Amino acid sequence: CADVGFAGRQPMIDFDRDTALTQKMLDVLNLRAKVAQHNIANQNTPGFKRYEVKFEELLQQQMQRGGELSSVEPEVSRDESGAPGQNNVKMVEETATLDKVLLLQEFMTRRAGSYFGTLNRAIFGR
């Protein structure tokens with residue numbers, strides 16, 4: 001994540017990589033919100049099994065392997081927990097997921113805005 005310019009200087013931030021990861025996170029959060037909304041829409045459907053999005057675990061595995069983080073894709077899978085034929089959607093958990101998504105989207109959006117503000121100041125001096 002760093003590019004060393006001169007010996008003895010602090011590493012520079014790799015803005016392209018950072019921006020790509022920010023965009024990826026915003027895409028994952030959007031997907032997670034859609035999945036939670038789909039689960040909520042089916043909360044009264046008999047036998048419906050909720051879906052979930054896996055991403056952070058996959059990202060962590062890729063980091064441990066030293067691979068490219070932007071190549072990690074989220075996985076949507078079915079949560080088969082609970083008795084067969086029984087709906088496993090819990091409204092409290094789905095709304096909590098939507099609340100977390102909202103907070104993280106705001107954080108990631110501000111992070112991207114800060115990056116582009118820095119570019120604007122570098123280019124235009126303001």
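In which helix does T95 lie? Select T95: the residue sits in helix α3. Helices (H or I, at least four residues) and strands (E, at least two) are DSSP runs, numbered from the N terminus.

**Before you start**

This is a predicted model, with residues numbered from 1 along each chain as its sequence is written. Local features need pLDDT of at least 70, side-chain atom pairs count only at pLDDT 80 or more, totals for chains, interfaces and linings use all residues, and side-chain values use heavy atoms, with hydrogens and water left out.

**Whole chain**

Color by pLDDT, the predictor's confidence in each residue, from 0 to 100. The chain averages 86, and 87% of the residues score at least 70. Now select residues 1-12. Here the pLDDT is below 50, and the stretch has 8 contacts in the model beyond near neighbours in sequence. Contact means heavy atoms within 4.5 Å.

Switch to cartoon. From the N terminus on, they run β-β-α-β-α-β-α.

Show the surface. The accessible area is about 8800 Å², and 56% of that belongs to carbon and sulfur atoms. Such areas come from the Shrake-Rupley method with a 1.4 Å probe; for residues, only the protein chains shown count as cover. Of the 126 residues, 23% are buried. Buried means under 20% relative accessible area, exposed over 50%, partly exposed in between (1.4 Å probe, protein chains only).

**Helix α3**

Select residues 91-124. These 34 residues form α3. At 1.5 Å a residue, the helix should span 50 Å, and its end C-alpha atoms are 49 Å apart, which agrees. The expected span is 1.5 Å times one less than the number of residues.

Go back to T95. It is partly exposed, at 32% relative accessible area.

Next, pick E94, V101, M108 and Y115. These α3 residues are buried. Then move to F116, L119, I123 and F124. They form a nonpolar surface patch with about 420 Å² of accessible area together. Patches are made of residues with over 30% relative accessible area and no salt bridge: like charges are joined within 9 Å, nonpolar side chains (Val, Leu, Ile, Met, Phe, Trp, Tyr) within 5 Å. I123 is exposed, at 62%. Step past the helix to G125, whose phi is positive, near 75°.

**Salt bridges**

The structure holds 6 salt bridges. Each is a side-chain nitrogen of Lys or Arg within 4 Å of a carboxyl oxygen of Asp or Glu.

Stay on α3 and select E106 and R110. Their side chains meet at 2.9 Å, N to O. The two lie 4 residues apart, about one turn of the helix. E106 is partly exposed at 42%; R110 is exposed at 59%.

Now show R32 and E56, another salt bridge at 2.9 Å, N to O. R32 is in helix α1 and E56 in helix α2 (residues 56-65), so the pair ties together parts 24 residues apart in sequence. R32 is buried at 14%.

Finish this set with R50, E52, D79 and E94, which are linked in a network of salt bridges. Within it, the closest N and O atoms of R50 and E52 are 3.5 Å apart.

**Last stop: K24**

Select K24 in helix α1 (residues 15-41). K24 counts as buried, at 12% relative accessibility. Not counting residues up to four places away in sequence, K24 touches F55, S70, V72 and E73.
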